[in-house]
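Subject: A structure for you to look at

Hi there,

Here is the structure I promised to pass on to you. Have a look at it first, then read my notes below.

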Amino acid sequence: MNQSIERESAGITRGPARRRHRLLRGMATAALATTMGVSLAGAALADSPQRAALGEGRPTEHACITADGTNLNEFFHIRQQIIGPPTCRTAVAGEPWVRIGPGWVTAASAATAVYPADYTPTKPNPIDDFNSKFLRARFVVDIGTPQEKSFVFGRKALRTGFFTEDGLPFSQPVSPPLRPLRVGQHTSTVFLTLRARHCDGLGTVPDENCLPAGEFAYTGNTPFEVVPRPVH
């Protein structure tokens, strides 16, 4: 299946060993639909009610820095702590945090898309097909424990309009700010729900290039730690 299970990274992953892409600087569109790459280079996001809801457009209070030195807080215009990439697995007690899942990359257009023999997209362009089928994202904290909590968000949890340096579009599940957690070890798991099956147009292997209809685990149980607030 075209998703990151145990190997969640700061970026776009294709299948169990999804190929990595560097985002092209400045190629974000002004549209923000209802995005994390291995290397995020920068983007111009339009003002929107969604940005206000996420606390965006305000000064950055935290810095989630990827291995290549990119500040994801600046890239996504998020001022809260970010959890997701391997370099961003620590949150501060008493503060809200934002969960970012891997980006879903598709073929650039209908003209270049290739699909499994049994699949026909609903929308001509693969990224539009994925976006139109996305219903919601569920962010689960401490799954399988007595402390398990789920936070469900609709289309506002999906951002789109970003491209890799190869010109491939992708969309990204990004949570609104989530409630602060107690000090200690935690996990975060991202589930997506699609109204119908989707294939990315990048290959013909269903297990690597397609997502099922309904709800499915989009990431594994990503570990992270909540630490006490520093005393100044």
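Which residue in the hairpin of strand 7 and strand 8 takes a positive phi? In this predicted model, that residue is G167, with a phi near 85 degrees. The hairpin has five residues between its two strands.

Strand 7 (residues 158–163) and strand 8 (residues 169–173) run antiparallel and are joined by four bridges. Across the pair, F170 in strand 8 stands opposite F162. Strand 7 has six residues and five of them are buried, so the rest of the structure largely encloses this strand.

Now for the wider picture. The protein has 13 strands and four helices. It is 232 residues long, and 52% of them count as buried.

In soluble globular proteins, nonpolar side chains tend to be buried together. Here, the largest nonpolar core holds 24 residues, and the members touching the most others are W97, F130, F134, F139 and L192. Strands 5, 6, 9 and 13 each supply at least two residues of this core. Strand 5 gives the largest share, with four residues.

Beyond its neighbours within four places in sequence, F134 is in contact with G154, R155, L158, L192, T193 and L194.

Enjoy exploring!

Best wishes

How values were computed: Residues are numbered from 1 along each chain as its sequence is written. This is a predicted model: local features need pLDDT of at least 70, side-chain atom pairs count only at pLDDT 80 or more; totals for chains, interfaces and linings use all residues. Side-chain values use heavy atoms; hydrogens and water are left out. A nonpolar core is a set of buried Ala, Val, Leu, Ile, Met, Phe, Trp, Tyr and Cys residues joined through side-chain atoms within 4.5 Å. Buried means under 20% relative accessible area, exposed over 50%, partly exposed in between (1.4 Å probe, protein chains only). Contact means heavy atoms within 4.5 Å. Two strands pair if DSSP finds at least two bridges between them.
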